[in-house]
Amino acid sequence: MDCIFIEALKVDTIIGVYDWERTLHQSLCLDLEMTTDIRPAATRDDVSLTLDYAAISQRIQHFADEHQFALIETFAEKLIEILRDEFPITQVKLTVRKPGAVAAAQSVGLTIIRGEA
């Protein structure tokens, strides 16, 4: 399987467990690795036959704009569900970082992998 990736995609959203966090937009930084078969797209030189990273990036920002979650775990799970429903992704590895969430750390976050290996 082939891998298409998006690295360090910044999205602003309302996320957090504390009341003060629910009143402002915070930045999340996302890395995605998505597997698919790129051979049909490469053979025909046709973006409609592959994972369009511009369309995926736009969908992620739209998702971040329209949803509010307490946990980045929930953000990640729901985002992957939508991406796998709307795009021909065999497997996705998603890393979500929340910069500044812990004063002594550059960022905190998680990595999840969903789909067929």
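Q: Is D65 buried or exposed?

A: The model is a predicted one. A residue counts as exposed when its relative accessible area is over 50%. D65 has a relative accessible area of 55%, so D65 is exposed. The residue is found in helix α2. Between D65 and E116 there are 51 residues in sequence, and their C-alpha atoms are 29 Å apart in space.

Q: How should I read the sheet, and in what order do the five strands stand?

A: Strands of a sheet pair through backbone hydrogen bonds, either parallel or antiparallel. Here the five strands form an open sheet with the order β3-β1-β2-β4-β5, and the pairing is mixed. β3 (68-69) and β5 (107-115) each have a single partner strand; they stand at the edges because one side of each is left without a neighbour in the sheet.

Q: Which strands show the parallel sense, and which the antiparallel sense?

A: The parallel sense is seen between β1 (residues 2-15) and β3, which pair over two bridges. I15 has F69 in β3 as its bridge partner. The antiparallel sense is seen between β2 and β4, over seven bridges. There, L30 has V96 in β4 as its bridge partner. β4 and β5 also run antiparallel, joined by nine bridges. In that pairing, Q91 stands opposite G115 in β5.

Q: How many aromatic pairs does the structure hold, and how is the pair of F63 and F75 arranged?

A: To read such a pair, one looks at the ring centres and at the angle between the ring planes. The structure holds three aromatic pairs. In one of them, the rings of F63 and F75 have centres 5.2 Å apart and planes at 65 degrees, so this pair is edge-to-face; planes over 60 degrees apart count as such. The pair links distant parts of the chain, since F63 belongs to helix α2 and F75 to helix α3, twelve residues apart. F63 is buried, with a relative accessible area of 1%. F75 is buried too, with a relative accessible area of 1%.

Q: Which residues have a positive phi although they are not glycine?

A: One of them is A8, with a phi of about 60 degrees. A8 is found in strand β1 and, at 48% relative accessibility, counts as partly exposed. Another is D45, whose phi is near 55 degrees. D45 lies in the loop between α1 (39-44) and α2, and D45 is exposed, with a relative accessible area of 74%.

Q: How much space lies in the largest pocket, and which residues are closest to its centre?

A: Rolling a probe the size of a water molecule over the atoms shows where empty space is left. In this structure the largest pocket holds about 250 Å³ of space. Of the 16 residues that line the largest pocket, G16, E21, A70, K98 and A101 are the closest to its centre. α3, β4 and β5 each supply at least two residues of this lining.

Key. Residues numbered from 1 in each chain as written. Predicted model: local features only at pLDDT ≥ 70, side-chain atom pairs only at ≥ 80, totals over all residues. Heavy atoms only, no water. Pairing = 2+ DSSP bridges. Helix = DSSP H or I, 4+ residues; strand = E, 2+ residues; numbered from the N terminus. Phe/Tyr/Trp six-rings, centres within 6.5 Å; stacked < 30°, edge-to-face > 60°. Buried < 20%, exposed > 50% of the residue type's maximum accessible area, 1.4 Å probe, protein only. 1 Å grid on protein atoms, 1.4 Å probe; cavity = no way out; pocket = protein on both sides within 12 Å on 5 of 7 lines; lining within 4 Å. Points joined across faces, edges and corners; volume = space filled by probe spheres on them.
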